[in-house]
Amino acid sequence: MWIVLQRGMQIMTIRLDGKALAAKRKKEIACKVKALSVKPGLAVLLVGEDPASRIYVNSKRKDCEECGFYSEEYTLPAEIQETALLDLIRELGAREDIHGILVQLPLPGELNEKRILEAIPPEKDVDGFHAANMGRLMLGQEGFLPCTPAGVMELLEEHQIELEGKHCVVVGRSNIVGKPMALLLLQRNATVTICHSRTRGLETLCRQADVLVTAVGRVGLITPEMVRDGAVIVDVAMNRNAEGKLCGDCLPEVYEKASAFTPVPGGVGPMTRAVLMENTMKACLMRQK
């Protein structure tokens, strides 16, 4: 948390520290695991050797160790036949010691992402991407929530950011972030506007937001002129700028106008992984009932 001077006024800006909250959540999970007779088991499938995906998978392995989970990693060639990948998913789906299955995205080549994700049993879909879990989210029913939007909601709740009656603008309409993010905000009684690449008047709509969530993956997409003073900024994107540094969709000056913001890196990313651990723990507990 720090103070910024803006238009002659002293405004307190809250840094939504996802790294700190994720560490707190993982410690809580580790304590719960010690009381279980069975360790939660997570299987992670990495197809090909995309450098960014490799970093994510390595981080998830470390998260499992911190939480006391059992984990397995399958590094598969980019040229793998889809039938072989589906067979592996079905095999893991039948195992009692594996409670969660995660297929790292994006998938290379001609692999059918929809078919592969829906081969994961819904009760082991800890990423929350299966049509059954997406449908439950749409209907407000119990299920596994997509990790990134759920992590955003935990960050906002931790810092007591009120959403009821607020205008939330979501820039991005992906199935992984944009759409489920909008649904979760609606469940908290926010008024939600979804924007995308063909939205007209994007700058005007963003400037109306009490809470602006951007998840496009375009450096410099959100400029200071597009954000009103005191807005809450949730920057989900993870890009690299011209100097090769990690950054979000927002220019750095955008955060200076915010009442609260997620840093990049260290904001939403760690919470995405923390929710994955929470979902895996939940899947394990469901199997023991």
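**View 1. The buried residues of helix α6.** Cys147, Thr148, Pro149, Ala150, Gly151, Val152, Met153, Glu154, Leu155 and Leu156 are the buried residues of α6. Buried means under 20% relative accessible area, exposed over 50%, partly exposed in between (1.4 Å probe, protein chains only). This is a predicted model: local features need pLDDT of at least 70, side-chain atom pairs count only at pLDDT 80 or more, and totals for chains, interfaces and linings use all residues. Residues are numbered from 1 along each chain as its sequence is written, and side-chain values use heavy atoms, without hydrogens or water. Helices (H or I, at least four residues) and strands (E, at least two) are DSSP runs, numbered from the N terminus. Ten of the twelve residues of α6 are buried. They pack against α1 (18–34), α7 (178–187), β9 (232–235) and α10 (268–288); contact means heavy atoms within 4.5 Å.

**View 2. Strands β3 and β4.** β3 (residues 41–47) and β4 (residues 70–76) pair in the parallel sense over seven bridges. Strands pair if DSSP finds at least two bridges between them. Glycine 41 has tyrosine 70 of β4 as its bridge partner. From β3 the chain runs through helix α2 (residues 51–67) to β4, a right-handed β-α-β crossover. Right-handed means that, with the strands pointing away from the viewer, the path from the first strand over the helix to the second runs clockwise.

**View 3. Tyrosine 255 and phenylalanine 261.** Both residues are buried. Their ring centres lie 4.9 Å apart and their planes at 25 degrees, so the pair is stacked. Rings of Phe, Tyr and Trp (its six-membered ring) pair with centres within 6.5 Å; planes under 30 degrees apart are stacked, over 60 edge-to-face, the rest tilted.
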